[in-house]
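Q: I am new to this structure and would like to learn how its features are read. May we go through them one at a time?
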Amino acid sequence: MDLFWKIDWYKVFVPSTSVAELVVRGTLVYLLLFAILRFLPNRQIGTVGISDLLVVVLFAEAAQNAMASNYTAITDGVILVMTIIFWSCILNWLGYKFPRFQHFLHPSPVPLVVNGKMMRRNLEQQLITQDELMSMLRQQGVQKMSEVKLAFMESDGNISVITNVPKSNVSPVLKDESDTYATE
């Protein structure tokens with residue numbers, strides 16, 4: 001019965017691996033996975049940003065290891081989680097301060113349709129079939145390809161669509177409001 005209640009507090013809180021090694025391991029894994037995910041086609045990522053996805057996945061892994069005692073100390077998992085938070089914040093800060101770095105973090109939108117014509121090379125690059133594109137356009141309320149002025153694959157995997165809506169279909173109130181917002 002004594003074994004049931006006995007806790008080795010030293011093993012629970014004192015890291016079993018050097019703090020420097022944990023930080024280096026966390027840094028390398030985060031940056032490597034970030035680079036790999038950055039160059040995957042956008043449609044495979046979904047609607048979550050790359051850094052958000054990495055933080056969630058790596059948090060889960062670090063926390064799981066700390067909880068399941070793959071590390072001998074909870075502190076090991078906490079150090080890894082803090083390393084992940086650090087790199088996530090640093091990359092977001094660099095993207096904010098340096099526009100060129102922002103382009104690396106969030107790639108430019110990729111045109112999929114221009115003036116009603118599919119950009120087949122870009123569809124192929126993003127691994128999107130014509131049927132998938134049409135499905136995505138229908139979800140945006142587009143019935144025919146000729147209705148699309150521009151359609152882009154955004155960096156988060158969503159598709160944004162600009163249609164050829166005649167101005168006569170826009171209500172006068174909305175038209176005036178949009179003119180006001182456009183000039184501000």
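This is a predicted model: local features need pLDDT of at least 70, side-chain atom pairs count only at pLDDT 80 or more; totals for chains, interfaces and linings use all residues.

Q: What do S1 and S2 form, and how many residues lie between them?

A: The two strands make a hairpin, with 2 residues between them. Asn115 is in this turn, within the loop that links strand S1 (110-114) to strand S2 (117-118).

Q: Which phi does Asn115 have?

A: In general, residues other than glycine mostly have a negative phi. Asn115 has a positive phi of about 50 degrees, although it is not a glycine. With a relative accessibility of 56%, Asn115 counts as exposed, because the cut-off for that class is over 50%.

Q: Where is Leu127 found, and is it buried or partly exposed?

A: Leu127 is found in the loop between helix H7 (120-125) and helix H8 (130-139). Its relative accessibility is 43%, so Leu127 counts as partly exposed. Leu127 is not a glycine either, yet it has a positive phi of about 60 degrees.

Q: How many bridges join S1 to S3, and how do these strands run?

A: There are 4 bridges between S1 and S3, and the strands run antiparallel. In one of them, Val110 has Met153 in S3 as its bridge partner.

Q: What follows S3 in the chain, and where does Ser155 lie?

A: Ser155 lies in the loop between strand S3 (148-153) and strand S4 (159-163). Ser155 is partly exposed, at 23% relative accessibility. Sequence separation and distance in space are read separately: Ser155 and Leu105 are 50 residues apart in sequence, and their C-alpha atoms are 9.1 Å apart.

Q: Which residues touch the most other members of the largest nonpolar core?

A: A nonpolar core is read as a set of buried nonpolar residues joined through their side chains. The largest one here has 16 residues, and Leu112, Val113, Leu133 and Leu137 touch the most other members. S1, H8, S3 and S4 are the elements that give two or more residues to this core. Another core, of 9 residues, lies apart from the largest one and includes Phe34, Leu58, Ile84 and Trp87.

Q: What is Val113 in contact with, once neighbours within four places in sequence are left aside?

A: The contacts of Val113 are Met118, Met119, Leu133, Met145, Val148, Lys149, Leu150 and Ala151.

Q: Where does Thr83 lie, and is it buried or exposed?

A: Thr83 lies in helix H5 (residues 74-97). Its relative accessible area is 6%, so Thr83 is buried, the cut-off being under 20%. Beyond neighbours within four places in sequence, Thr83 is in contact with Val23, Gly26 and Thr27.

Q: How many aromatic pairs does the structure hold, and how is a pair classed?

A: The structure holds 3 aromatic pairs. Trp9 and Phe13 have ring centres 6.1 Å apart and planes at 5 degrees; planes under 30 degrees apart count as stacked, so this pair is stacked. Both residues lie in helix H2 (residues 9-13), 4 residues apart, which is about one turn of the helix. Trp9 is exposed, with a relative accessible area of 53%, whereas Phe13 is partly exposed at 49%. The rings of Phe86 and Trp87 have centres 5.2 Å apart and planes at 80 degrees, so that pair is edge-to-face. Phe86 counts as partly exposed, at 43% relative accessibility.

Conventions:
Residues are numbered from 1 along each chain as its sequence is written. Side-chain values use heavy atoms; hydrogens and water are left out. Rings of Phe, Tyr and Trp (its six-membered ring) pair if their centres lie within 6.5 Å; planes under 30 degrees apart count as stacked, over 60 as edge-to-face and the rest as tilted. Buried means under 20% relative accessible area, exposed over 50%, partly exposed in between (1.4 Å probe, protein chains only). Contact means heavy atoms within 4.5 Å. A nonpolar core is a set of buried Ala, Val, Leu, Ile, Met, Phe, Trp, Tyr and Cys residues joined through side-chain atoms within 4.5 Å. Two strands pair if DSSP finds at least two bridges between them.
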